[in-house]
Amino acid sequence: MDDLFEIMQTTRSMRRLKPDPVPDELIRKILEAGACAANGGNTQRWRFLIIKDGEIKQAVQMWYKRAFEEVVGPRYATSAPPPGVSPERYKRQHSAVEYLTEHYHEAPVWIVACIDEGTARPTRWSGASIYPAVQNMLLAARALGLGCTLTTRHLLYERETEAAMGLPEGVHSYAILPIGYPMGRFGPVGRGKLSDIVFQDKWGQPYRALN
Ligand SMILES: Cc1cc2nc3c(=O)[nH]c(=O)nc-3n(C[C@H](O)[C@H](O)[C@H](O)COP(=O)(O)O)c2cc1C
């Protein structure tokens with residue numbers, strides 16, 4: 001697939017993945033796309049840890065699952081569907097989230113997106129210098145027919161999971177991307193209407209071009 005707009009419209013979280021190995025050549029392409037992204041001052045403090053080791057993934061999955069049981073599961077069970085998402089589709093998402101929770105470590109490859117902060121405290125700018133790379137990697141994975149999800153839930157147990165991944169002092173993780181061949185098919189993302197979220201000149205005033 002190489003139409004950028006179609007790729008963007010169908011880059012949704014693919015949480016059910018086959019355990020089949022993913023060629024390193026494709027992972028390299030994804031990483032190259034990541035490293036094309038904008039980043040503050042082009043300082044490129046991003047670091048990417050590839051994890052294939054089953055024991056390391058399982059050690060992180062344990063905390064990921066615990067965070068689901070304690071925080072995320074109850075939240076999903078009680079919240080309303082987001083804009084542009086039907087109750088049925090939201091239910092399917094919930095069950096896919098549960099599936100990924102159980103099978104997180106079975107994704108053949110993880111890319112852990114990190115920043116080497118050194119002695120500096122992480123700020124909003126740190127995130128702004130890594131998530132463009134993460135989004136590029138999500139799009140690249142989609143273009144290559146690979147499934148992927150931006151996940152951050154491990155951060156509810158940041159210290160424990162970063163220790164399990166062996167991150168050195170000063171390096172922090174911002175996302176874990178579990179990657180594999182998808183079991184299902186790619187489909188359009190579910191989003192609300194632009195007219196509900198875009199204003200012109202004054203907060204709350206419609207952007208006329210959308211009417
Ligand atoms: C900051 C952030 C954190 C996320 N963390 C997780 C996560 O830990 N686990 C997960 O299954 N999905 C996670 N997601 C994926 C979102 O749930 C997903 O993007 C959203 O529901 C929209 O669905 P779609 O990507 O299929 O369009 C995260 C997304 C973002 C942007």
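This is a predicted model: local features need pLDDT of at least 70, side-chain atom pairs count only at pLDDT 80 or more; totals for chains, interfaces and linings use all residues.
Which residues in H3 meet His-94, Val-97 and Thr-101 in H4? They are Tyr-64, Lys-65, Phe-68 and Tyr-76, where contact requires C-beta atoms, placed from the backbone, to lie within 7 Å.

Residues are numbered from 1 along each chain as its sequence is written.

The axes of H3, residues 54–78, and H4, residues 87–103, come within 11 Å and cross at roughly 170°, which makes H3 roughly antiparallel to H4 (angles run from 0 to 180 degrees between N-to-C directions, the axes being lines fitted to C-alpha atoms over the stretch in contact, and roughly antiparallel means over 145). Helices are DSSP runs of H or I with at least four residues, and strands are E runs of at least two, numbered from the N terminus.

Turning to the strands, S4, residues 171–180, has eight of its 10 residues buried, meaning 20 or more other C-beta atoms, placed from the backbone, within 10 Å of a residue's own. S2, residues 109–116, runs antiparallel to S4 and is joined to it by eight bridges, pairing needing at least two in DSSP, and Trp-110 has Pro-178 as its bridge partner in S4. S3, residues 147–148, also pairs with S4 in the antiparallel sense, over two bridges, and Cys-148 stands opposite Ile-179.

Note on methods. Angles under 35 degrees count as roughly parallel, over 145 as roughly antiparallel, 65 to 115 as roughly perpendicular and the rest as oblique. Two residues are in contact if their C-beta atoms, placed from the backbone, lie within 7 Å. A residue is buried if 20 or more other C-beta atoms lie within 10 Å of its own, exposed if 12 or fewer, and partly exposed in between; C-beta atoms are placed from the backbone.
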